[in-house]
Amino acid sequence: MKSLKTYSIPFTGLKLGKHYFEYEVNDAFFAEFEYSIVKKANLICKVELDKQETMLILNFDITGTVNATCDRCLSDYLQPVDIHEQQIARFTEEAMGEDDEIITLGKNDHEIDIAGLIYEYVNVALPFIAVCSNESDTKHCDEEMLANLNKLAANDEQTESIDPRWEALKKLK
């Protein structure tokens with residue numbers, strides 16, 4: 001398996017200005033995270049690192065596909081991903097609050113690990129309700145599975161009869 005050490009950028013030897021890095025984010029990357037929602041993916045992560053005297057500005061551009069399961073018909077499909085994010089890392093010895101969205105780098109730090117950021121950006125970009133078709137258009141959904149689900153849903157409503165004990169309680173009003 002590919003180690004997550006690959007996703008560290010050593011910034012101490014870099015000159016001031018912009019630097020570009022490209023990473024392949026695939027199944028081996030997500031296998032490193034024990035409880036990852038994403039198991040299979042084929043992504044390219046391009047990172048633009050702008051090194052300044054007091055900070056690093058990281059611009060992420062992550063594109064590709066993630067294997068997902070449709071919540072409607074339970075079939076697997078490829079979810080396209082197109083992510084554009086920015087992260088700032090500041091050089092300081094001051095303790096910053098935990099709610100700040102700026103990474104703090106001390107004088108002893110010589111590299112920045114971006115694996116956690118990539119993992120977070122991909123997981124947040126996934127839709128909350130995954131469907132293999134857009135806007136209630138079921139053309140791509142598995143028709144056989146949808147028919148079975150509709151049949152089972154209709155049978156549940158018919159077999160549900162009113163318990164006579166509840167009817168007696170309704171008269172107490």
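How do β5 and strand β6 (residues 102-105) pair, and over how many bridges? The two run in the parallel sense, joined over 4 bridges. Strands count as paired here if DSSP finds at least two bridges between them, and Ala89 has Ile103 in β6 as its bridge partner.

Before going further, a word on how to read this report. Residues are numbered from 1 along each chain as its sequence is written, and side-chain values use heavy atoms, with hydrogens and water left out. The model is predicted, so local features need pLDDT of at least 70 and side-chain atom pairs count only at pLDDT 80 or more, while totals for chains, interfaces and linings use all residues.

**The fold**

The chain holds 4 helices and 7 strands. Here helices (H or I, at least four residues) and strands (E, at least two) are DSSP runs, numbered from the N terminus. Reading from the N terminus, the order is β-β-α-β-β-β-β-β-α-α-α. Of the 173 residues, 31% count as buried, where buried means under 20% relative accessible area, exposed means over 50%, and partly exposed lies in between (1.4 Å probe, protein chains only).

**How the strands pair**

β4 has antiparallel partners in both β3 and β5. The table sets out the pairings.

| Strands | Direction | Bridges |
|---|---|---|
| β3 (residues 41-51) and β4 | antiparallel | 11 bridges |
| β4 and β5 | antiparallel | 15 bridges |
| β5 and β6 (residues 102-105) | parallel | 4 bridges |

Ala41 stands opposite Val66 in β4, and β3 and β4 form a hairpin with 3 residues between them. Moving along to β5, Asn59 faces Gln86, while Thr63 stands opposite Asp82. The hairpin of β4 and β5 has 6 residues between the strands, and in it Leu74 takes a positive phi near 65°. As a general point, side chains in a regular strand alternate between the two faces of the sheet.

**Two pockets**

A pocket, on a 1 Å grid over the protein atoms alone, is an open set of points where a 1.4 Å probe fits, with protein on both sides within 12 Å along at least five of seven lines; lining residues have an atom within 4 Å of a point. Grid points are joined across faces, edges and corners, and a volume is the space filled by probe spheres set on the points.

The largest pocket holds about 280 Å³ of space. Its lining has 16 residues, and Ile37, Asn67, Ala68, Thr69 and Leu126 lie nearest the centre. Both β4 (55-69) and β5 (76-91) supply at least two lining residues each, with β4 giving the most, 4 residues. By type, the lining divides into 8 nonpolar, 4 polar and 4 charged residues. For this sorting, Ala, Val, Leu, Ile, Met, Phe, Trp, Tyr, Cys and Pro are nonpolar, Asp, Glu, Lys and Arg are charged, and the others, Gly among them, are polar.

The second largest pocket has a volume of about 200 Å³. It is lined by Glu85, Gln86, Gln87, Ile88, Glu101, Ile103, Leu117, Glu120 and Tyr121. The elements giving two or more of these residues are β5 and α2 (115-125), and β5 provides the largest share, 4 residues. This lining divides into 4 nonpolar, 2 polar and 3 charged residues. Some of its residues also turn up in the strand pairings: Gln86 is the residue opposite Asn59, and Ile103 is the partner of Ala89.

**Cysteines and a salt bridge**

The disulfide count is 0, taking a disulfide as a pair of cysteine sulfur atoms within 2.5 Å. For Cys73, the closest cysteine sulfur belongs to Cys70 and is 3.8 Å away, so the pair is too far apart for a bond. Cys73 counts as buried, at 1% relative accessibility, and Cys45 is buried too, with a relative accessible area of 0%.

Side chains of opposite charge can pair when their charged atoms come close. The count here is 1 salt bridge, defined as a side-chain nitrogen of Lys or Arg within 4 Å of a carboxyl oxygen of Asp or Glu. Glu111 and Lys5 form it, at 2.6 Å from N to O. Glu111 is partly exposed at 25% relative accessibility, whereas Lys5 is exposed at 53%.
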